[in-house]
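These are my notes from going through one chain.

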Amino acid sequence: MQPIELVVFDMAGTTVTDHHEVERCFAEAAAETGLFVTDERILAMQGLAKRYVFETLWKEQLGEHNSDIQRQVDVSYASFRRILENHYLTQGATPTEGCLDTFAYLYERGIAIALTTGFYRVVTDIILEKLGWLKGLDGRRVGTAESLIQVSIASDEVERGRPYPHMIERAMHLLGVSNPKAVINIGDTPSDLLSGRAAGVALNLGVTNGTHSRDQLEAYPHDLLINSLRELPALLDAREVMTTHG
């Protein structure tokens, strides 16, 4: 069994406490710009690149080939960015249960930490700054062995965000991890789990204390669903014992 070199974490709902603010900001931007969408539909698309979500929803509302789609997407997305950035600038962000202990556990063992997100870089940096996680990251948002996290990937830095595996693959590339079987992926949305499966990671984990419940995640590809990040160190300890004695 391949030793784990990298754990890839989602942000909102997985490592950053989610109070449904992203959904509220999205709903506010949709209402402000004439896009009709239910709360259930917004939740179902959590974790995906936000511009892609607006594009999908406007196509559903106006028809696939309507010439006005891109203009409407631009307007809605600009509204969402303004509302979301203002939220995090004024309200800040907090780590999820067990997140910092899990980061410390990985740090002690020299296992790299990557953060991926459906957010774009500007708001990602606002959140990282509020949490103190931007410290030690360079212009490419790559850190060192001493920084708390080793790399941050935003959805606007890859060709395609989730459910495609490109953010996981970019994290691996930037950190020199060549084998996906040395990688764990963990997130709280269906798109997180779909991207982990597409990347072929060693363990594809869902957390059930974020935006989606156990029942909502059960149908999507996963190796295990855990209650919070607090459970991850014990999982890794057990895997290490199996590797050593297997």
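Entry 1, a strand residue. I looked up L205 and found it in strand β5; strands here are DSSP runs of E with at least two residues, helices are runs of H or I with at least four, and both are numbered from the N terminus. The model is predicted, so I note that local features need pLDDT of at least 70, side-chain atom pairs count only at pLDDT 80 or more, and totals for chains, interfaces and linings use all residues. Residues are numbered from 1 along each chain as its sequence is written, and side-chain values use heavy atoms, with hydrogens and water left out.

L205 has a relative accessible area of 0% and is therefore buried. I use buried for under 20% relative accessible area, exposed for over 50% and partly exposed for in between, with a 1.4 Å probe and protein chains only. I listed what L205 touches, leaving out residues up to four places away in sequence: I184, N185, I186, G187, L193, L224, L232 and L235. Contact means heavy atoms within 4.5 Å. I also took the C-alpha separation of L205 and I226, which is 7.2 Å for residues 21 apart along the chain.

Entry 2, the rest of β5. Five of the five residues of β5 are buried, so the strand is largely enclosed by the rest of the structure. L203, L205 and V207 point one way, while N204 and G206 point the other way.

In what order do the strands of the open sheet run? I read six strands as β3-β2-β1-β4-β5-β6, with parallel pairing; two strands pair if DSSP finds at least two bridges between them. On average, neighbouring strands are turned by 20 degrees against each other, direction ignored. Four bridges join β4 and β5 in the parallel sense, and I184 has L203 as its bridge partner in β5. β1 (residues 6-10) and β4 (residues 183-187) also pair in parallel over four bridges, with V183 of β4 as the partner of L6.

I found α8 (residues 190-199) lying across β1, β4 and β5 (203-207), at about 175 degrees to β5. Axes are lines fitted to C-alpha atoms, for helices over the stretch in contact, and angles run from 0 to 180 degrees between N-to-C directions. Helix α7 (residues 166-175) lies across β1, β2 (112-117), β3 and β4, at about 150 degrees to β3. Its buried residues are M167, I168, A171, M172 and L174, and their cover includes β1, β2, β3, β4 and α8. After α7 comes G176, with a positive phi near 70 degrees.

A nonpolar core is a set of buried Ala, Val, Leu, Ile, Met, Phe, Trp, Tyr and Cys residues joined through side-chain atoms within 4.5 Å. The largest has 53 residues, and V7, F9, F80 and L115 have the most contacts inside it. Helix α4 (residues 69-91) gives the most to this core, with seven residues. Apart from it lies another core of 18 residues, including V8, A112, A171 and V183.

I checked α4 against α6 (residues 121-131): the axes come within 9 Å and cross at roughly 5 degrees. That makes α4 roughly parallel to α6, a term for angles under 35 degrees; over 145 is roughly antiparallel, 65 to 115 roughly perpendicular and the rest oblique. R81, L84, E85, Y88 and L89 of α4 meet V122, V123, I126, I127 and K130 of α6.

Most residues other than glycine have a negative phi, and most peptide bonds are trans. Where does the R162 to P163 bond stand, cis or trans? I found it cis, with omega near 10 degrees, and P163 is in the loop between β3 and α7. H20, not a glycine, has a positive phi of about 65 degrees; at 40% relative accessibility it counts as partly exposed. R141, also not a glycine, has a positive phi of about 65 degrees, and at 19% relative accessibility R141 counts as buried.
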